[in-house]
Amino acid sequence: MSCPETFSLLAASSLAGLVNAVAGGGTLVTFPVLLAFGVPPVVANATSTLSLVAGNIGSIYGYRNFLGELKPWLKTFVPASMAGGWIGSYLLTCGGEKVFSGLVPYLVLFATLLFMLQGILSRSFAGCREISQEASTRASQFRVALLFQFLVSVYGGYFGAGIGILMLATLGFLGFEDIHRMNSLKSVLGSIINLVAAAWFTASGLIDWPRMGLMTLGAFAGYYVGATCSQMVPQKTVRHIISAIGLIISVAMFWRLR
């Protein structure tokens, strides 16, 4: 690798790690940079996925204070995340990319708008819970969220840009309000999805190891800085940043379809 490529990959992976720690969408930073240096698309996607999941350890460490209270949710969402991540990565290696890629911009835009309206929706759901506390109502809401998490995991295994936004929307639907707790749970689940996908990509021989190693270093630093610094910023500000990132991702994806 040349010096410009080395610098570009380090910078891109650091920025991707920071963005992923706050909301998600870091793949849209690393993927095009790899393409710019001549890496084939499928290999670029696989290499980006593995480097970001390895670097995500920095994000999980940054949110370590919240993980203990989230264990019950992890037990629930981890199986769905693993199954979806494997199915998505399998679909990538077996074809069907064109149709799925066409749906991605709409999916991310929908999730971003849902997240932006989360405050209004949460109050509406809270009102519904005050009116009806029936177990069947709560169970139905939970099943919808679990199904959505599975679908998000399928997409995450396939490409992954924006899964953080989608998972935050899912957690908001379940009544989560603390953005830092939401981000900690999102980081763990996102790591599991990408880890399953990365294992499949590795078994399929799709990893560019020298570039992956370099990008892991940058991603680790970016994840840790993003996870640590975001907790020092007011939640309202973090929500505005997440909404902006989601809109930028949506615009970038629609632009790619032109």
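**Exercise 1. Work out what share of the contacts in the protein chain, between residues at least 6 apart in sequence, join residues at least 24 apart.**

Solution. Start with the term: a contact means heavy atoms within 4.5 Å. Among contacts between residues at least 6 apart in sequence, 84% join residues at least 24 apart. Before going on, keep in mind that this is a predicted model, where local features need pLDDT of at least 70, side-chain atom pairs count only at pLDDT 80 or more, and totals for chains, interfaces and linings use all residues. Residues are numbered from 1 along each chain as its sequence is written, and side-chain values use heavy atoms, with hydrogens and water left out.

**Exercise 2. Describe the elements of the protein chain and how much of the chain is buried.**

Solution. Helices (H or I, at least four residues) and strands (E, at least two) are DSSP runs, numbered from the N terminus. By that rule the protein chain has 13 helices and zero strands. Next comes burial: a residue is buried under 20% relative accessible area, exposed over 50% and partly exposed in between, with a 1.4 Å probe and protein chains only. Of the 258 residues, 48% are buried.

**Exercise 3. Is helix α10 mostly covered or mostly uncovered, and what follows it?**

Solution. Take residues 163-173, which form α10: ten of the eleven are buried, so the helix is mostly covered. Among the buried residues are I163, L166, M167 and G172. After α10 comes G175, with a positive phi near 105°.

**Exercise 4. Characterise the crossing of helix α6 with helix α11.**

Solution. First, the geometry: the axes of α6 (residues 71-94) and α11 (residues 179-203) come within 8 Å and cross at roughly 35°. Axes here are lines fitted to C-alpha atoms, for helices over the stretch in contact, and angles run from 0 to 180 degrees between N-to-C directions. Second, the hand: the crossing is right-handed, that is, the near helix is turned clockwise from the far one by less than a right angle. Third, the residues: the contact includes W73, F77, W86 and Y90 of α6 and I192, V196 and W200 of α11. By class, it has 17 nonpolar, four polar and no charged residues. Nonpolar covers Ala, Val, Leu, Ile, Met, Phe, Trp, Tyr, Cys and Pro, charged covers Asp, Glu, Lys and Arg, and the others, Gly among them, are polar.

**Exercise 5. How many aromatic pairs are there, and how are the rings of W73 and F77 arranged?**

Solution. Rings of Phe, Tyr and Trp (its six-membered ring) pair if their centres lie within 6.5 Å; planes under 30 degrees apart are stacked, over 60 edge-to-face and the rest tilted. The count is six aromatic pairs. W73 and F77 are stacked, at 6.2 Å centre to centre and 20° between the planes. Both lie in α6, four residues apart. W73 is partly exposed at 27% relative accessible area, whereas F77 is buried at 1%. Ring pairs also link W86, Y90 and W200 into a cluster.

**Exercise 6. Which parts of the chain does the pair of Y106 and F254 tie together?**

Solution. The pair is edge-to-face, at 5.0 Å centre to centre and 90° between the planes. Y106 lies in α7 (residues 97-116) and F254 in α13 (residues 235-256), so the pair ties together parts 148 residues apart in sequence. Y106 is exposed at 52%, while F254 is partly exposed at 28%.
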